[in-house]
Amino acid sequence: MTKIVLTYEDFVSLPDDGKRYELHEGELSVTPAPGTRHQDVLLNLTLMLAPHVRTSGHGKFFLSPFDCIMSDVTVVEPDLLYLDDSRLRLVSTRGLEGAPTLAVEIISPYSKQIDRRRKMALYAAHDVTWYWIVDPDARTIDVYRLQGDAYGLDARLDGAEARALPPFPDLPLDPAAIWP
């Protein structure tokens with residue numbers, strides 16, 4: 001049996017039907033549009049991170065939908081992403097042509113395995129320095145740092161105490177402002 005490998009050209013011809021399409025090493029991944037809890041957390045994190053990045057004058061912040069074209073056969077759309085100054089040159093009219101400094105995924109029941117396994121491996125393989133997995137049910141943010149070719153847990157936000165997370169050492173995140 002021959003495996004069909006899709007490319008970026010195939011990806012851009014997919015329908016605009018409200019589903020989230022990604023290419024994972026040429027394989028199409030489809031998930032439904034995020035639910036309200038996911039969107040609440042996404043908005044809350046955006047309201048904290050985007051102004052901080054803008055005021056710092058360093059790097060750039062994007063939110064989904066925004067294509068990260070890691071290769072011709074790997075295109076992902078993290079919920080949030082941050083580029084430090086050294087990666088700004090990777091932004092094009094198509095999206096990001098390479099890896100962000102930070103990719104943030106807010107897990108949902110249907111994306112839990114994809115985000116914790118497949119996307120974690122993809123992000124590591126494509127040199128994404130930091131990977132946050134945000135779990136609204138557990139009310140946690142796990143921060144992973146790329147160490148060689150795999151991620152190691154670097155920090156965790158849980159409980160009620162505000163805490164700064166890498167790569168933003170000067171931005172304490174208040175859990176009460178994150179979780180709806």
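Just after helix H2, Gly57 takes a positive phi of about 75°. The model is predicted: local features need pLDDT of at least 70, side-chain atom pairs count only at pLDDT 80 or more, and totals for chains, interfaces and linings use all residues. Residues are numbered from 1 along each chain as its sequence is written, and side-chain values use heavy atoms, without hydrogens or water.

Helices (H or I, at least four residues) and strands (E, at least two) are DSSP runs, numbered from the N terminus. H2 covers residues 36–56. Its 21 residues should span 30 Å at 1.5 Å a residue, and the end C-alpha atoms are 30 Å apart, which agrees. The expected span is 1.5 Å times one less than the number of residues. H2 has a kink of about 25°, centred on Thr46. The bend at a residue is the angle between axes fitted to the seven residues ending there and the seven starting there. Thr46 is also buried, and other buried residues of H2 include His38, Val41, Leu42, Leu45, Leu49 and Val53. Buried means under 20% relative accessible area, exposed over 50%, and partly exposed in between (1.4 Å probe, protein chains only).

Two further residues with positive phi are not glycines. Glu25 has a phi of about 55° and lies in the loop between S1 and strand S2 (27–31). Asp127 has a phi near 65° and sits in the loop between helix H3 (112–125) and strand S8 (130–135). Asp127 is partly exposed, with a relative accessible area of 47%.

Cis peptide bonds also occur. One joins Ser64 and Pro65, with omega about 0°. Pro65 lies in the loop between S3 and strand S4 (68–71). Another joins Pro166 and Pro167, with omega about 10°.

Pro65 is also among the residues nearest the centre of the largest pocket, as are Lys19, Arg20, Tyr21 and Glu77. A pocket is an open set of points on a 1 Å grid over the protein atoms alone, where a 1.4 Å probe fits, with protein on both sides within 12 Å along at least five of seven lines; lining residues have an atom within 4 Å of a point. The largest pocket holds about 370 Å³ of space. A volume is the space filled by probe spheres set on the points, which are joined across faces, edges and corners. H2 gives the largest share of this lining, three residues.

The second largest pocket holds about 160 Å³. Its lining is Ala50, Val53, Arg54, Gly59, Lys60, Phe61 and Leu63. H2 and strand S3 (60–63) each give two or more of these residues.
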